[in-house]
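The exercises below are worked from the sequence and the 3D structure. Try each task before reading its solution.

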Amino acid sequence: MSTQKAIQISKTGGTEVLEINRIPIPKPQPGQILVKAAYAGVNFIDTYFRSGLYPVQLPFTLGSEGSGTIEAVGEGVTKYKPGEQVVYYGSGAYTEYINVPEKAISHIPEGLRLEDAAAILIQGLTALTMLRESYEVKKGDTILIHAAAGGTGLVLVQLAKALGAIVIATASSAEKLEVAKQHGADHLVNYSGGEDEWVKEVLGYTKGGEGVEAVFDGVGKATFEGDLKITKRKGSVISFGNASGAVEPFKINRLGDKNLKLLRPRLFGYVATQEEFDHYTQELFGYLKNGQLKLNIHKIYPLEDIVQAHKDLEGRVTTGKLVLKV
Ligand SMILES: NC(=O)c1ccc[n+]([C@@H]2O[C@H](COP(=O)([O-])OP(=O)(O)OC[C@H]3O[C@@H](n4cnc5c(N)ncnc54)[C@H](OP(=O)(O)O)[C@@H]3O)[C@@H](O)[C@H]2O)c1
């Protein structure tokens with residue numbers, strides 16, 4: 001049986017639990033497409049599976065998205081054929097070959113490189129679907145984007161600017177804030193001085209000090225309480241991640257103080273059908289094509305350097321997207 005390299009875990013924990021194993025190359029089942037991977041995107045969610053924050057059945061092959069060339073297609077697949085370049089999301093993408101269902105794959109548009117395609121799908125769709133559906137950002141809205149120099153953050157900043165929002169960006173260093181500014185952020189706030197300080201600074205950038213229409217927060221535990229303070233009456237708190245840990249249990253009565261809306265979205269709930277996935281993927285590629293969205297790849301790591309990639313992402317030393325060369 002032919003085998004391939006795969007990054008797996010057989011127990012949860014720190015980066016020491018990452019293993020490079022050999023597993024069988026799968027055959028495409030009906031409705032599936034077998035892709036020979038070229039690149040895999042590194043996402044914070046991969047670290048949650050590794051650490052055990054999001055429980056999975058073990059052993060587990062990590063990775064959530066990638067790009068490559070179609071090797072073979074299963075019965076019933078008509079839209080795709082071997083040799084075509086594709087981008088996809090799906091569990092187990094830190095591998096050399098992956099089987100993907102038709103509803104999670106898209107042809108790579110002309111002019112987009114394989115590494116760029118692997119760098120944009122999940123973070124791009126996450127940012128776009130949240131700006132469209134979690135809180136529909138309108139021209140003139142003032143919004144706050146936390147960890148704005150991160151992979152998802154930089155896409156959020158650029159797309160929010162394309163939609164006409166005034167963007168307040170937070171990050172933990174002056175260098176990161178400069179990157180957010182280069183991508184269009186209007187106001188910059190270093191949140192490493194503590195909640196009292198960043199809350200005051202953010203409110204200072206809002207009309208009448210009343211707060212923002214919406215906050216997009218992938219940091220989680222460390223910033224959630226501050227989010228409730230900087231969001232204006234009838235505003236929206238979109239809590240979409242746990243980079244600093246999961247948000248503590250919360251009494252919903254507290255939302256009544258300002259009639260706030262609180263959302264905890266997951267991308268896969270917005271692109272669950274083929275129609276939704278195609279719609280948002282095409283819109284995302286459109287922003288790349290018209291230049292309103294620029295890619296920012298922090299570094300391309302060899303698959304064997306997965307430990308370093310996870311250390312860098314969790315160690316807050318990166319801006320933009322981390323990619324693995326498979
Ligand atoms: N809900 C969904 O469907 C969905 C989909 C994609 C991503 N996400 C979430 O979006 C967030 C960003 O993901 P990403 O892959 O784009 O990562 P990323 O933003 O590139 O990296 C995470 C950033 O979070 C900030 N951070 C704040 N406190 C931290 C801490 N204690 N430890 C580590 N980082 C900390 C850091 O920026 P500073 O140094 O500037 O603070 C860091 O660079 C994650 O929470 C992820 O789970 C959610």
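The centres of domain 1 and domain 2, taken over C-alpha atoms, are 28 Å apart. This is a predicted model, in which local features need pLDDT of at least 70, side-chain atom pairs count only at pLDDT 80 or more, and totals for chains, interfaces and linings use all residues. Residues are numbered from 1 along each chain as its sequence is written.

**Exercise 1. Domains**

State which residues form domain 1 and domain 2, and describe the contact between them.

Solution. Step 1: domain 1 takes in 3-122 + 270-325, and domain 2 covers 139-264; such bounds come from an automatic or database domain assignment. Step 2: twelve residues from domain 1 and 14 residues from domain 2 make the contact, where two residues are in contact if their C-beta atoms, placed from the backbone, lie within 7 Å. Step 3: sorted by class, the side of domain 1 that touches domain 2 has five nonpolar, four polar and three charged residues. Here Ala, Val, Leu, Ile, Met, Phe, Trp, Tyr, Cys and Pro count as nonpolar, Asp, Glu, Lys and Arg as charged, and the others, Gly among them, as polar.

**Exercise 2. The whole chain**

Solution. Step 1: count the secondary structure, which comes to nine helices and 16 strands; helices (H or I, at least four residues) and strands (E, at least two) are DSSP runs, numbered from the N terminus. Step 3: of the contacts with a separation of 6 or more, 64% join residues 24 or more positions apart.

**Exercise 3. Helix α1**

Find which residues of α1 are buried, and what they pack against.

Solution. Step 1: apply the cut-offs: a residue is buried if 20 or more other C-beta atoms lie within 10 Å of its own, exposed if 12 or fewer, and partly exposed in between, with C-beta atoms placed from the backbone. Step 2: Phe44, Ile45, Asp46, Thr47, Phe49 and Arg50 are buried. Step 3: six of the eight residues of α1 (residues 44-51) are thus buried, so the helix is largely enclosed by the rest of the structure. Step 4: the buried residues pack against β1 (3-9), β3 (32-42), β4 (60-61) and α9 (306-314). Step 5: Gly52 follows α1 and has a positive phi, near 100 degrees.

**Exercise 4. Strand β16**

Work out which strands pair with β16, and in what sense.

Solution. Step 1: two strands pair if DSSP finds at least two bridges between them. Step 2: β3 pairs with β16 in the antiparallel sense over four bridges, and Val42 has Leu322 as its bridge partner in β16. Step 3: strand β15 (residues 297-302) pairs with β16 in the parallel sense over five bridges, with Ile297 opposite Lys321. Step 4: four of the five residues of β16 (residues 321-325) are buried, so this strand is largely enclosed by the rest of the structure.

**Exercise 5. Lys181**

Is Lys181 buried or partly exposed?

Solution. Step 1: locate Lys181 in helix α4 (residues 174-182). Step 2: Lys181 has 18 other C-beta atoms within 10 Å, so Lys181 is partly exposed.
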